[in-house]
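Please read the points alongside the sequence and the coordinates.

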Amino acid sequence: MILHPGILALFLSSLLISLMTIYAASCGFMILRRWDIDSGSELQLALERRTCLISSIASYLLALQLLSLFLFIQTADSISHLFVGAMCAVGTLTVNSFGYPTLLLKVLNFILAGLWLILNHADNRGYDYPLIRAKYLLLLIMAPFILTETVVQCIYFTGLKPDIITSCCGTLFSQGSRGIASEILAIPTAPMKILFYSCMAATLAAGARLFLKGKGSYIFAIMSGVTFVISIASIISFISLYFYEMPSHHCPFCILQKEYGYVGYPLYALMSLGTITGLGVGLLQPFRKKETLGMIIPAIQRKLAAVSLFSFFIYTLIASWPILFSSFNLKG
Amino acid sequence: MPNLIERQRHIIDFTLSSLLRRKGKNCALLLVYTLIVFILASVLFFTHALKREAALLLNEAPEIIVQRTLAGRYQTIPIAWSDRILKINGVISVRPRLWGYHFDSAFKANYTLTVPAGNPPQQGSIDIGSGISMMRGANRGDIIAFTGHDGIPRSFKIRNILEHESQLLANDLILLSEEDYRDFTGIPADQATDLALRVRNSREYGIIAEKITRIYPDTRPIVRTEILRTYDALFGWRSGLLIVIFSAAILAFVIFAWEKATGLSAEERREIGILKAVGWETSDILLMKFWEGTVISLTAFLVGIILAYLHVFFTSSALFAPVLKGWSTLYPAFPLTPFLDLGQVATLFFLTVVPYTITTIVPSWRAATIDPDAVMR
């Protein structure tokens, strides 16, 4: 366990997020069981009021989750030199086997919180709480993931032991204690480039079709999900190389650093925005049949598709910029 | 879109004027909030600046230092050992170093004695740091006396006053010749304080260190990166510890904020009631409360950070320095290089703004769900 300020901040935020989640989930459980829109009972009134609280909790949750994701990477990066062989966050996350699971859970929870807010937005547009059950079911699905994240993160941080000089000996302790993979295995560049650009083109085409004709929302949602995965793989495989101008440094975290103009932040923000809105389109699709939302959902879907298209497009532009215009070249 | 921005703008406008109407209550909150941010930011900035200073200093340190231990205690090392160590592949040079500390009981000060690698003073003369020069009132050409290991004072002529760019390094420094050093400290002629190794390839550090311990099992090779790591962990640990201590203060602040947010005055309740009666929705009131929190948090956060920045980088952290620096307090005030990093600001945000915001969610919601008829009756 390292008593690093960043780690303490993450502990605190996880704890608060978990408490909020437990509270929200217990309310959600109550709503799922006792909700009756036709009743005028006191309980129903109280529940209706409570939905307002839950949605504001969830929006704070989303913001916190996003910030804590970046703080997590930042902290992992800043403590990397405490471990022999670790050069950046990649090394710190491999110090024990809970680093990457924590990161994955953070990403997953961020996406789930985003989807929840989309559902909530659609629900608020209908006057009779049409999506109330779906909304709170999703919240109950989210809760275990958020709690798991807190636990896994706790195990990860408490398991970190820095390699420092002890009073009895110097190098003996640190040498050969473990081999940290300071680089990530990456897929070869050329095929990945083709895959990335064709996938992006397909997603943009599906999005344009949805935006113009209102068709193919599931395809677009699936494509957004696939694009998310492929985008991350591409950052590791070739996009980052152009920003680092180094043919062998495959790191998804270093582009968040000052040396590279913090370019990682807009990249990841656009990528997750595009993905969440894209997935949201698919999430809303089954509720089109609800009476009160018949007209509303297609309009929301169009808006989401527009945001998603815009984000993916700008993302591709930023990612392609150094590929097209920098003097760095990967071809021998 | 313009409509949306207009709406937010009007709500912010309303929030600001309603905040200003209750100056006393909000000022107290703002003051405590700012103080909390200020304290935590000072701790973070200061330790970070110290870490950087240490890293800068260590950049020029030798790659590997070999010390000798005897029964776990530190010992001087025979100079003859350097020949065998030099034969290890990858070691470019081995330099026996002579350095130590001297306590001056007359002035209650600790000096660092060193025999420099290049351009040592002649026998009988020394170079001293500006701090010693100032304290003893000695200048170039003066004769200065120190008591040696055997209690007999020795006098030296001051050749130079050291004006090093890093005050931390040179302030308490005395440079003297090897002969003088041995005579002054009583260290035998064939012994040195430690051995400094130059190694070009950083990947060989570990292997070379291992070979040295195999040849001389009672040595303790210290690699430069290890020193850096240790410093870093130490400073990180110190600031973490202070934050844990201050967490009680944060908790008190959170309770204070909760109290402020829950204890709505009759006037405020009426205001919300009227707003709802004229057509504001619960979500609008929540939005208003959100902006209220944002205004207060942002003001406190920014003012706190600016104050902490001034405190740390312009007054050299007058309030916390003794706790955080932790080593010899003889070191003089030294200006730190101003540095602000995104991670620190984010950490600070999580430690202050996030707890505040979360504690105010439920009270805000309570306030927003007040029934208009209940308060206006």
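How many helices and how many strands make up the secondary structure of chain A? Chain A has ten helices and zero strands, where helices (H or I, at least four residues) and strands (E, at least two) are DSSP runs numbered from the N terminus. This is a predicted model, in which local features need pLDDT of at least 70, side-chain atom pairs count only at pLDDT 80 or more, and totals for chains, interfaces and linings use all residues. Residues are numbered from 1 along each chain as its sequence is written, and chains are lettered from A and ligands numbered from 1 in the order in which they are written.

**Chain A overall**

- The order of elements along chain A reads α-α-α-α-α-α-α-α-α-α.
- The C-alpha trace of chain A spans about 75 × 50 × 25 Å along its principal axes.
- Of the 332 residues in chain A, 45% are buried; a residue is buried if 20 or more other C-beta atoms lie within 10 Å of its own, exposed if 12 or fewer, and partly exposed in between, with C-beta atoms placed from the backbone.
- Contacts in chain A between residues at least 6 apart in sequence join residues at least 24 apart in 74% of cases; two residues are in contact if their C-beta atoms, placed from the backbone, lie within 7 Å.

**Domains of chain A**

- Chain A is assigned domain 1 (5-161) and domain 2 (189-325), with bounds that come from an automatic or database domain assignment.
- The centres of domain 1 and domain 2 of chain A, taken over C-alpha atoms, are 22 Å apart.
- Contacts between the domains of chain A involve 19 residues of domain 1 and 19 residues of domain 2.
- On the side of domain 1 of chain A that touches domain 2, two or more residues each come from α2 (42-78), α3 (89-93) and α4 (99-125) of chain A, and α4(A) gives the most, with eight residues.
- That side of domain 1 of chain A has 14 nonpolar, two polar and three charged residues; Ala, Val, Leu, Ile, Met, Phe, Trp, Tyr, Cys and Pro count as nonpolar, Asp, Glu, Lys and Arg as charged, and the others, Gly among them, as polar.

**Interface between the chains**

- In the contact between the chains, 39 residues of chain B meet 37 residues of chain A.
- Elements supplying at least two residues each to the side of chain B that touches chain A include α7 (205-215), β13 (219-223) and α10 (282-314) of chain B, while α8(B) contributes the largest share, 13 residues.
- By class, this side of chain B comprises 21 nonpolar, 13 polar and five charged residues.

**Strand β7 of chain B**

- Four of the five residues of β7(B) (residues 125-129) are buried.
- Strand β7(B) runs parallel to β9(B) (residues 153-162), joined by five bridges, and pairs with β10(B) (residues 173-175) in the antiparallel sense over two bridges; strands pair if DSSP finds at least two bridges between them.
- I128(B) stands opposite I161(B) in β9(B) and has I174(B) as its bridge partner in β10(B).

**Nonpolar cores**

- The largest nonpolar core has 134 residues, and W116(A), V37(B), L40(B) and A41(B) have the most contacts inside it; such a core is a set of buried Ala, Val, Leu, Ile, Met, Phe, Trp, Tyr and Cys residues joined through C-beta atoms within 7 Å.
- Helix α2 of chain B (residues 23-58) gives the most to this core, with 13 residues.
- Apart from this core lies another, of 33 residues, among them V66(B), L173(B), L175(B) and A209(B).
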